[in-house]
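Here are my notes on this model, point by point. Please read them with the structure open.

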Amino acid sequence: TGVGKVNATYKLTQKFGKHGSFVPYDLVINYGTAGSNKYKQGELVDCTRFAQRDMDATGLDFEMGQTPFDDTPIIIETKSDFNPIGKNATCGSGDNFVEDRTNYYGEVVDMEAYALAKVCHLHNIPFISFKYITDGADEQANEDWEANLASGIVEFKKKVLDKLENNS
C-alpha cells in the first residue's frame, strides 16, 4: 500500500467499486513491518486493535488519538475468523518513524494499519494486520529496520499465507 496512512487508505479504497459502492472482500489482511518495545525482533504478531498515535487535537479538548467530529472509536477493534497467531496486539499508527519512546502508543508501532482498519471498520469488512517486528522503536530503529526488513516475508508466508492456502 506504500508508506503512511494516506497512501495506505488510497491504495485500499482503489480496490473498492466506484465511490465505495461495491466492496468485493469478506476479509482484508495487511502485512507490514513494525517496531515494538514488547515483542522481540523477528517475531510475527497479529494486530486487532488500532489507534492513531499522531492525532493530537488535545488543544481543542479532544482526547489524544481522537479525530475531531468523527464518531470512529479512538481504538478500533477488529475481528477476523482467520487468525493463526492469536496475540491480538494493539498497533499505534502514525506518519512518523518511531526512534524514541515519547511518540509511542500500543504494543506495536507502524505507519499504516490504523488507516486500513478505519476503512474496513467504516465498510464493515473484517480486518487483521500481521506485523513483523523489525526493531525496538528506539534509537537503533533505523539500522535494525533495514537489517531485518527482508526476513519478515518468510515468517509471514510460513505462519499466515501457508495456513490461508490450506483453509481454502
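1. Exposed means over 50% relative accessible area, and buried means under 20%. The model is predicted. By that cut-off F69 is exposed, because its relative accessible area is 77%. F62 has 18% relative accessibility, so F62 counts as buried.

2. F62 and F69 form an aromatic pair. The geometry is edge-to-face, with 5.4 Å centre to centre and 80° between the planes.

3. How many aromatic pairs does a search of the whole structure find? The count is five. One of them joins F16 and Y25, with ring centres 6.3 Å apart. Their planes are at 50°, so this pair is tilted. F16 is buried, at 7% relative accessibility. Y25 is partly exposed, with a relative accessible area of 34%.

4. Ring pairs also build a cluster. Its members are Y31, F130 and F156.

5. Now the helix packing. Helix α1 spans residues 5-14 and helix α2 spans residues 113-122. They pack at an angle of about 40°, and their axes are 8 Å apart. The crossing of α1 and α2 is right-handed. On the α1 side the contact uses K5, A8, T9, L12 and T13. On the α2 side the contact uses A115, L116, V119 and C120. By class, six of these residues are nonpolar, two are polar and one is charged.

6. Which residues of α1 are buried? They are K5, A8 and L12. Seen down the axis of α1, they fall within an arc of 65°, so they line one face of the helix. K5, A8 and L12 also belong to the contact with α2. The cover over the buried residues of α1 includes helix α2 and three strands: β1 (28-35), β2 (44-52) and β4 (89-93).

7. Last, D144. This residue lies in helix α3, residues 141-148. Is D144 buried or exposed? Its relative accessibility is 18%, so D144 counts as buried. Leaving aside neighbours within four places in sequence, D144 is in contact with Q41, T134 and D135. G17 is 127 residues from D144 along the chain, and the C-alpha atoms of the two are separated by 39 Å.

Definitions and conventions:
Residues numbered from 1 in each chain as written. Predicted model: local features only at pLDDT ≥ 70, side-chain atom pairs only at ≥ 80, totals over all residues. Heavy atoms only, no water. Axes fitted to C-alpha atoms, helices over the stretch in contact; angles between N-to-C directions. Helix = DSSP H or I, 4+ residues; strand = E, 2+ residues; numbered from the N terminus. Left-handed = near helix turned anticlockwise from the far one by under 90°. Contact = heavy atoms within 4.5 Å. Nonpolar A, V, L, I, M, F, W, Y, C, P; charged D, E, K, R; others polar. Buried < 20%, exposed > 50% of the residue type's maximum accessible area, 1.4 Å probe, protein only. Arc of directions from axis to C-beta. Phe/Tyr/Trp six-rings, centres within 6.5 Å; stacked < 30°, edge-to-face > 60°.
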